[in-house]
Amino acid sequence: MKKILLTTTGLIALGMAPAIAADLAARPYTKAPPMAVAAYNWSGFYIGANGGWGTSHNCSTNTAVLGIPVAPTSLGCHDADGGTVGGQIGYRWQTGNWVFGIEAQGNWADFNGSNTFAPLSSNHTKIDAFGLFTGQVGYAANNVLFYVKGGAAVTDNRYEGVFAGVVIDRAEETRWGGTVGAGVEYAFAPNWSFGVEYNHLFMGTNNYNFRSVIGGINTRNDDIKQDADLLTARINYKFGSY
């Protein structure tokens with residue numbers, strides 16, 4: 001009985017083989033559809049570090065000497081340049097290809113510069129820190145994000161008067177202004193991204209009360225106009241799914 005069943009099954013298979021082959025030949029060949037690749041999602045909290053270079057342009061106008069107002073007199077302009085390093089934290093949410101966000105950034109800086117305004121006399125500027133508090137609007141092409149940003153900026157400044165190489169008076173102040181910028185960011189791994197960003201700071205004009213290093217006497221008052229340009233590279237880690 002087993003031999004009969006095996007023989008019968010073999011004959012049936014042999015008989016069906018030409019029909020199956022003809023049916024396969026008649027069907028057009030189609031490749032299997034490729035697996036879908038999930039789009040990168042920029043939504044979520046992130047934290048990161050940045051570093052780069054900056055320059056601050058400063059122009060001074062003397063308005064008072066020993067507390068007595070005088071006719072405004074230009075003391076010239078100079079750039080304060082140097083490196084910077086810091087960190088940022090923010091949150092983004094994505095709808096379609098559009099990405100919106102808020103961010104706080106704080107940096108240490110070493111921007112230094114000076115100009116001579118009279119024989120043996122010069123003004124020196126140092127920015128040793130700055131902060132940015134901004135909103136962002138961006139467009140995502142999967143794992144590449146292009147964005148613009150804008151908001152508030154703050155700089156920590158020291159201004160010094162130097163005579164014959166010796167600091168004779170100084171003024172220190174934290175000043176507030178505005179900023180606009182733009183950047184591009186590339187997500188190179190799950191939750192990790194690298195970017196490059198440019199910012200321009202509009203710090204306006206402030207009046208500074210200079211005091212002597214010895215005795216703390218009000219030596220002069222200067223109006224100082226300031227703006228700055230920043231170029232930084234950034235790396236971010238985004239929490240949550242990607």
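## Overall fold

Helices (H or I, at least four residues) and strands (E, at least two) are taken as DSSP runs and numbered from the N terminus. This is a predicted model, so to speak of local features takes a pLDDT of at least 70, while side-chain atom pairs count only at pLDDT 80 or more, and totals for chains, interfaces and linings use all residues. Residues are numbered from 1 along each chain as its sequence is written, and side-chain values use heavy atoms, with hydrogens and water left out.

The protein has one helix and eight strands, in the order α-β-β-β-β-β-β-β-β from the N terminus.

## Confidence

pLDDT is the predictor's confidence in each residue, from 0 to 100. The protein's mean is 88, and 84% of its residues reach 70 or more. Residues 1-24 have pLDDT below 50, and this stretch has zero contacts in the model beyond near neighbours in sequence. Residues 32-37 also stay under 50, again with zero contacts beyond four places in sequence.

## Surface and burial

Of the 242 residues, 37% count as buried, meaning under 20% relative accessible area, with exposed being over 50% and partly exposed in between (1.4 Å probe, protein chains only). The protein exposes about 13,500 Å², and carbon and sulfur atoms supply 69% of that. These areas come from the Shrake-Rupley method with a 1.4 Å probe; for residues, only the protein chains shown count as cover.

## The largest pocket

Rolling a probe the size of a water molecule over the atoms shows where empty space is left. On a 1 Å grid over the protein atoms alone, a cavity is a set of points where a 1.4 Å probe fits but cannot get out, whereas a pocket is an open set with protein on both sides within 12 Å along at least five of seven lines; lining residues have an atom within 4 Å of a point. Grid points are joined across faces, edges and corners, and a volume is the space filled by probe spheres set on the points.

The largest pocket holds about 160 Å³ of space. Its lining includes N62, L75, F117, D169 and R220. Two or more lining residues come from each of β1, β5 (144-163), β6 (166-189) and β8 (218-238), and β5 has the largest share, three residues. By type, the lining splits into six nonpolar, four polar and two charged. Here Ala, Val, Leu, Ile, Met, Phe, Trp, Tyr, Cys and Pro count as nonpolar, Asp, Glu, Lys and Arg as charged, and the others, Gly among them, as polar.

## Two cavities and S60

The structure holds two cavities of 30 Å³ or more. In the largest cavity there is about 60 Å³ of space, and its lining includes S60, H78, N123, R220, D222 and I224. That lining divides into three nonpolar, six polar and three charged residues. S60 sits in strand β1 (residues 44-65) and counts as buried because its relative accessibility is 6%.

β7 (192-212) and β8 each supply at least two lining residues, and β8 gives the most, with three. The lining here is five nonpolar, three polar and three charged.

Note on methods: Contact means heavy atoms within 4.5 Å.
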